[in-house]
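Hi,

Here is the structure I promised to pass on.

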Amino acid sequence: MENLNPQREQWGSRIGFILAASGSAIGLGNLWRFPYITGKNGGAAFLFIYLIMLVVIGFSLILAELAIGRHTQRNTLGAFKKLDKRWTFVGVIGIIAGFVILSFYSIIGGWTIAYIIRSLTGAFTGDTAEVFTSLISNPWEPIVYHGIFMAMTAAIVYAGIGNGIEKASKIMMPALFVLLLIVVVRSVTLEGASKGLEFYLKPDWSQVTGSTILAAMGQVFFSLSLGMGCMITYGSYLNREENLPKSAAIIPILDTLMAFLAGLAILPAVFAFGVDPGEGPALMFITLPSIFAQMPLGSFFAFIFFVLVLLAAITSAISLLEVCSSYVIDEWEWPRKKATVVLAIVIFLLGVPSSLSQGAVSINIFGLSFLDAMDFLASNILLPAGGMLIAIFCGWSWGIKNAVDEITNRGRLSFKFAPIWGIIIKFIAPIAIFIVFLNATGVLKMILGS
């Protein structure tokens with residue numbers, strides 16, 4: 001295999017890269033955000049619109065990021081610096097986003113570890129809201145679990161691309177799939193689950209509004225880890241023989257399969273126990289434990305579910321840390337081990353205020369808790385800005401011709417959809433993401449006067 005940069009680490013196999021990149025996309029957004037967003041926006045009709053957006057926006061942006069990464073063989077900042085120094089700031093946005101997201105993502109990952117332990121001790125037989133409140137308001141316990149989660153993430157990135165991220169992904173991704181199937185089987189066989197299946201699989205088009213379409217676009221964008229340079233970084237470890245269009249198609253397919261199965265695991269159970277399917281973030285840490293408590297063998301299935309959530313969280317967290325580590329390794333010329341350890345410590349420390357702000361200490365920014373403020377900054381501002389700018393850069397600065405040349409391996413591969421892809425990257429994707437940005441920040445409502 002041709003190695004574009006002999007000194008740079010490479011994926012050991014195609015399946016290793018696919019599983020790692022899919023793991024980057026498959027995270028908490030699939031397991032809790034997708035089911036409740038689907039529940040909130042009409043079920044099956046939302047799912048259908050989501051799939052369309054996935055094909056149009058998701059595939060196109062993943063392909064653009066992979067092409068930029070493999071062509072430059074650099075981290076997300078170094079890639080733009082190499083192609084056009086005027087666009088280096090886009091890489092800066094991606095690195096800051098990854099840094100900020102991991103600082104609070106690790107807090108939620110830590111909660112998941114706490115819930116795995118609680119599922120073994122029978123803590124969910126009482127008031128699950130109280131269980132959650134007592135956890136997040138404790139000044140020390142969530143920080144300890146936050147540290148454990150960061151240490152697990154850092155250990156994988158510390159070991160490198162082949163021996164760390166790729167090897168871990170080959171274990172965690174199949175395990176994730178098997179555990180999810182176990183929970184799906186239990187959920188769909190509950191008495192009353194048929195109502196949830198009908199809601200999830202039978203479209204009611206009368207439920208579709210403009211906000212449904214915006215929610216679908218937003219979910220595609222955030223679910224696939226677009227805009228922060230994860231795929232640019234992972235793409236930089238690819239060899240020239242890799243079929244980018246095929247890889248860019250498989251990644252969102254696997255991501256959607258996991259999100260779809262998550263819906264099958266959660267929505268039938270929610271309907272079986274008469275719970276509102278659009279309850280929001282509380283669905284995972286309050287509502288579901290309450291449902292598990294009412295099931296036969298509920299503690300066992302709660303344990304399986306939260307191990308599943310932990311695996312999904314780690315597969316995404318390692319990509320976030322790798323975005324930051326790759327930058328320090330490339331640009332500062334630090335060895336991987338030093339870069340990983342130092343960054344993990346700094347990100348851990350940044351996460352402490354997010355943890356404390358959930359009840360132990362009042363830490364507010366513009367009326368939001370520190371964690372919610374970090375989430376708003378990353379999810380509603382940095383990620384949409386990064387995704388939009390990457391599409392504009394690929395379509396207008398680097399150019400469709402150069403991008404397609406990289407995608408087709410210098411003309412050796414066929415890419416029949418190149419003209420359509422070019423239109424999407426130059427026009428449709430930037431406009432769609434800009435609308436998502438306006439909606440996420442509340443500007444769109446102001447413009448529309450509602």
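**What turned up**

Let's start with glutamate 331, which counts as partly exposed at 22% relative accessibility. "Partly exposed" here is the range between buried (under 20% relative accessible area) and exposed (over 50%), using a 1.4 Å probe and protein chains only.

Before going on, a word on the model: it is predicted, so local features need pLDDT of at least 70 and side-chain atom pairs count only at pLDDT 80 or more, while totals for chains, interfaces and linings use all residues. Residues are numbered from 1 along each chain as its sequence is written, and side-chain values use heavy atoms, with hydrogens and water left out.

**Salt bridges**

Back to glutamate 331: its side chain meets that of lysine 81 in a salt bridge, at 3.5 Å from N to O. The two sit in distant parts of the chain, 250 residues apart, with glutamate 331 in helix α14 and lysine 81 in helix α4 (residues 76-83). Lysine 81 is also partly exposed, at 39% relative accessibility. For the record, a salt bridge means a side-chain nitrogen of Lys or Arg within 4 Å of a carboxyl oxygen of Asp or Glu. Helices (H or I, at least four residues) and strands (E, at least two) are DSSP runs, numbered from the N terminus.

How many salt bridges are there in the whole structure? The search finds 13. One of them joins glutamate 9 to arginine 336, with the closest N and O atoms 2.8 Å apart. Glutamate 9 lies in the segment before α1 (14-25) and arginine 336 in helix α15 (residues 336-356), so this pair ties together parts that are 327 residues apart in sequence. Arginine 336 is buried, with a relative accessible area of 11%, whereas glutamate 9 is partly exposed at 32%.

Arginine 118 and glutamate 141 pair up as well, at 3.1 Å from N to O. Here the link runs between helix α5 (residues 88-121), which holds arginine 118, and helix α7 (residues 141-158), which holds glutamate 141, and the two residues are 23 apart. Arginine 118 is buried at 14% relative accessibility, and glutamate 141 is partly exposed at 22%.

There is also a network of salt bridges, which links Arg70, Arg240, Asp405, Glu406 and Arg410.

Asparagine 409 is buried, with a relative accessible area of 3%, while arginine 410 is partly exposed at 38%.

**The core**

The largest nonpolar core has 161 residues, and Trp11, Phe17, Trp111, Met284, Phe305 and Trp421 touch the most other members. Helix α14 (residues 298-331) gives the most to this core, with 20 residues. A nonpolar core is a set of buried Ala, Val, Leu, Ile, Met, Phe, Trp, Tyr and Cys residues joined through side-chain atoms within 4.5 Å.

Phe17 is in contact (heavy atoms within 4.5 Å) with Trp11, Leu66, Tyr234, Leu238, Ser247 and Ile251, leaving out residues up to four places away in sequence.

Serine 60, in helix α3 (residues 44-72), is buried at 1% relative accessibility. Leaving aside neighbours within four places in sequence, serine 60 contacts Val55, Trp421, Ile424 and Ile425.

Serine 103, in helix α5, is buried with a relative accessible area of 0%. With neighbours within four places again left aside, serine 103 contacts His146, Ile347, Leu350 and Gly351. From serine 103 to glycine 192 is 40 Å, C-alpha to C-alpha, and 89 residues in sequence.

That's my list for now.

Cheers
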